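Subject: Handing over the structure

Dear colleague,

Please find the sequence and structure below, followed by an account of what turned up when I went through the model. I would be glad if you could read the two side by side.

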Amino acid sequence: VILVALDTLRADHLGVYGYARDTSPAIDRFARDSVVFEHALSSSPNTPPSMASLLTSVYPGRHGFTGNGDRLPSDLPTLAEALQRQGFRTGAFVDGGYLRKRFGLDRGFMVYDDAAGGIARIWPRARRWLAAQDGRPFFLFLQCYDIHAPYVSPPPYRGMFHERPYEGDFEPTLAALDAVFRGERKLDAAALAHIRDSYDEGIRYTDARIGGMLRDLAASGRLEDTLVAITADHGEEFGEHGSVLHWQLYHGPNLHVPLIVRLPGGAGARL
């Protein structure tokens, strides 16, 4: 079992969910032989409670984890613990932040690598761990922040969706976006288009890396006997309800996330 969580990825910015831009060719190909859940909703528009729900199968009102100086409650069983009891080797390779070990989300993982570095560094470490499993059943959890603000992608992805270069002075740092969220700064149409374009470029960059991961799995023969699920902890807003980022509680852009599950051997369906 491989579970991939792409932080801040809203479903409607992927081709498989109807987006017009070519942001996700690799994920779209993957989806053809997968079960695509059209109406998957995050349990929270914020990473700590959402990821805790994903790994414990209980709502935030039950686990209570916020990431504000607390830890995942020790009395809640986790997916990794359940699979380890069934004989699975368990490994996680995550991008730090709210998934650092100190928050308690590492429980049940025999290896928990939170050294971060983005998906370009995370997957090679995970691939080496995977190669060492020697045919034993495994649960691999991968997570990255490459799509998350400040929406900066490496060449050739940076700028690829800008129809014209942005000439304004807004830099989408977390501090600047927080100021917009708090109503202390307004974005004009050009700035809003700039951050949306940059976000899409982050998706395309991450999609290319996911494509490489899937090719590696296919080349090693792993893909045909592994359940692979791709999802996200929450989405992102670009002015649809008057603000940015993802802390607006009840809006679709923040809660509608992809959930694409490829069963061993592949079986396409939409639910």
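A cavity, in the sense used here, is a set of grid points where a 1.4 Å probe fits but cannot get out, and its volume is the space filled by probe spheres set on those points. Please keep in mind throughout that this is a predicted model.

By that rule the model holds one cavity of 30 Å³ or more, and the volume of this largest cavity is about 60 Å³. Its lining consists of V4, A5, L6, I119, I122, W123, L142, Q143, C144, I210 and M213. Sorted by class, 10 of the lining residues are nonpolar and one is polar, while none is charged. Four elements each contribute at least two residues to that lining, namely β1 (2-6), α5 (119-131), β5 (138-144) and α7 (189-220).

The largest nonpolar core has 51 residues, and within it L6, L140, L142, I210 and L217 touch the most other members. At least two residues of this core come from each of β1, α1 (25-32), α5, β5, α6 (174-181), α7, β6 (228-231) and β8 (244-245), and the largest share, 10 residues, is supplied by α7. Apart from this core there is another one of 21 residues, which includes A92, F103, L105 and Y112. As general background, nonpolar side chains tend to be buried together in soluble globular proteins.

If its neighbours within four places in sequence are left aside, L6 is in contact with I27, C144, I147, T206, I210, I230, T231, A232 and D233. L6 belongs to β1, a strand in which five of five residues are buried: I2, V4 and L6 point one way, L3 and A5 point the other way, and all of them are buried.

Eight strands make up an open sheet with mixed pairing, in the order β4-β3-β5-β1-β6-β9-β2-β10. The edges are taken by β4 (111-113) and β10 (269-270), each of which has a single partner strand, so one side of each is left without a neighbour in the sheet.

Going through the pairings, β1 and β5 run parallel and are joined by five bridges, with I2 standing opposite L140 of β5. β1 also pairs with β6, again in the parallel sense, over four bridges, and here A5 stands opposite T231. Both faces of β6 are covered, since V228 and I230 on one side and A229 and T231 on the other are all buried. β6 in turn pairs with β9 (residues 259-262) in the antiparallel sense over four bridges, where I260 is the bridge partner of I230. Further along, β2 (residues 35-36) and β10 pair in the parallel sense over two bridges, and the partner of V36 in β10 is R270.

Turning to the helices, α2 (residues 47-56) is mostly covered, with nine of its 10 residues buried. The buried ones are T47, P48, P49, S50, M51, A52, S53, L55 and T56, and what covers them includes β1, α3 (60-63), α4 (79-85) and β5. Just after this helix, S57 takes a positive phi of about 65°.

D114 sits in the loop between β4 and α5. For K101, which is 13 residues away from D114 along the chain, the C-alpha atoms of the two are separated by 7.0 Å.

With best wishes

Note on methods. Residues are numbered from 1 along each chain as its sequence is written. This is a predicted model: local features need pLDDT of at least 70, side-chain atom pairs count only at pLDDT 80 or more; totals for chains, interfaces and linings use all residues. Side-chain values use heavy atoms; hydrogens and water are left out. On a 1 Å grid over the protein atoms alone, a cavity is a set of points where a 1.4 Å probe fits but cannot get out, and a pocket is an open set with protein on both sides within 12 Å along at least five of seven lines; lining residues have an atom within 4 Å of a point. Ala, Val, Leu, Ile, Met, Phe, Trp, Tyr, Cys and Pro count as nonpolar, Asp, Glu, Lys and Arg as charged, and the others, Gly among them, as polar. A nonpolar core is a set of buried Ala, Val, Leu, Ile, Met, Phe, Trp, Tyr and Cys residues joined through side-chain atoms within 4.5 Å. Buried means under 20% relative accessible area, exposed over 50%, partly exposed in between (1.4 Å probe, protein chains only). Contact means heavy atoms within 4.5 Å. Two strands pair if DSSP finds at least two bridges between them.
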